[in-house]
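My notes follow in the order I took them.

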Amino acid sequence: MNLPLLYELQYLHKEMDDIINKLNDIKELKDMRKFKEEYQRLKEEYLKGEEKLKKNAYRQETRNNEIRNLDFNKKSSEELKFSKDTNTIKKLENIEKQLEKLEEKKQTAENEIIEMINEADNINKELAETKKKLAFIKKKYLKCKEDADISVAELDEQKAELQGKIDNMIKSIDKESLELYNKMTKTHSDPVAPVKNRICGGCKMDIPAMDYEAIKAGSVKHKCQSCGRILFYRKP
Ligand SMILES: [Zn+2]
């Protein structure tokens with residue numbers, strides 16, 4: 001039974017677990033998800049702005065049509081005012097009242113158009129701002145992804161190298177030891193523990209003096225009474 005070698009194998013397996021954990025962490029990188037969500041949110045904001053702009057343009061067009069109609073009516077009233085049909089003061093007054101009303105309506109519509117133009121300006125400014133933010137977030141996301149890809153490539157390389165080491169080590173360990181190790185890894189991911197200063201390297205509990213002496217003398221049959229790991233002596 002070659003416990004020191006099994007202990008080394010256990011160490012390599014632990015390193016392998018670390019690499020695999022790191023790879024899993026990269027796969028669900030929080031930053032990348034955050035950028036993705038932020039991009040999505042900005043995109044929706046941008047589309048909403050575009051929608052508002054479309055509605056604004058439509059409302060402006062409606063008001064412009066109204067103004068054209070009002071102008072047409074005004075022109076008709078002006079013509080009527082100077083025609084032969086307007087032959088009493090009463091009629092003249094009515095026409096002038098009508099003209100005043102039309103002018104008021106026109107003024108209101110024009111004011112509304114000015115407001116809408118201002119609103120459209122603001123929307124356009126917001127859209128330009130959002131567009132800038134979108135480009136920024138996209139850049140951030142791509143950089144993040146690039147970094148992650150590099151890390152993955154590095155870890156994959158380390159993983160392959162480590163796997164080579166593990167394979168070589170397994171070849172140099174006798175079948176009996178390996179079978180025991182494999183059986184024990186079902187209950188402990190690190191079933192082999194070195195003993196130092198009468199303490200189990202796995203759970204840090206004291207080893208009975210008798211066991212300790214035997215282990216020190218080279219016994220490979222002793223398990224820790226508290227954690228069950230198989231113990232071997234390691235010179236301090
Ligand atoms: Zn223990």
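Into which domains is the chain divided? I found domain 1 (3-173) and domain 2 (191-233); the bounds come from an automatic or database domain assignment. I note that this is a predicted model, in which local features need pLDDT of at least 70 and side-chain atom pairs count only at pLDDT 80 or more, while totals for chains, interfaces and linings use all residues. Residues are numbered from 1 along each chain as its sequence is written.

**Entry: the two domains.** I looked up the C-alpha centres of domain 1 and domain 2, which lie 65 Å apart. Five residues from domain 1 and five residues from domain 2 make the contact; two residues are in contact if their C-beta atoms, placed from the backbone, lie within 7 Å. On the side of domain 1 that touches domain 2, I have four nonpolar residues, one polar and no charged. Here Ala, Val, Leu, Ile, Met, Phe, Trp, Tyr, Cys and Pro count as nonpolar, Asp, Glu, Lys and Arg as charged, and the others, Gly among them, as polar.

**Entry: overall form.** I checked the radius of gyration, taken over C-alpha atoms: the chain has 42 Å. A compact globule of 236 residues would have a value near 18 Å, by the rule of 2.2 Å times the number of residues to the power 0.38. Along the principal axes, the C-alpha atoms fill a box of roughly 135 × 35 × 25 Å. Buried residues make up 11% of the 236 in the chain. I call a residue buried if 20 or more other C-beta atoms lie within 10 Å of its own, exposed if 12 or fewer, and partly exposed in between, with C-beta atoms placed from the backbone.

**Entry: elements.** I have five helices and three strands, running α-α-α-α-β-β-α-β from the N terminus on. Helices (H or I, at least four residues) and strands (E, at least two) are DSSP runs, numbered from the N terminus.

Entry: I found an open sheet of three strands in the order 2-1-3, with mixed pairing. Strand 2 and strand 3 stand at the edges with a single partner strand each, so one side of each has no neighbour in the sheet. Strand 1 and strand 2 pair in the antiparallel sense over two bridges; pairing requires at least two bridges found by DSSP. Lys196 stands opposite Ile199 in strand 2.

**Entry: the core.** Which residues touch the most other members of the largest nonpolar core? Of its 15 residues, they are Val192, Val195, Cys200, Leu231 and Phe232. Such a core is a set of buried Ala, Val, Leu, Ile, Met, Phe, Trp, Tyr and Cys residues joined through C-beta atoms within 7 Å. Helix 1 (3-27), strand 1 (192-196) and strand 3 (230-233) each give two or more residues to this core, and the largest share, four residues, comes from strand 3. Each of the two domains supplies at least three residues. Leaving aside neighbours within four places in sequence, the contacts of Leu231 include Ala193, Val195, Cys200 and Ile207.

**Entry: positive phi.** Asn197, in the loop between strand 1 and strand 2 (199-200), has phi near 55°, a positive value in a residue other than glycine. Asn197 counts as exposed because it has 9 C-beta neighbours inside 10 Å. Lys204 also has a positive phi, about 70°, and lies in the loop between strand 2 and helix 5 (209-216). With 11 other C-beta atoms within 10 Å, Lys204 is exposed.
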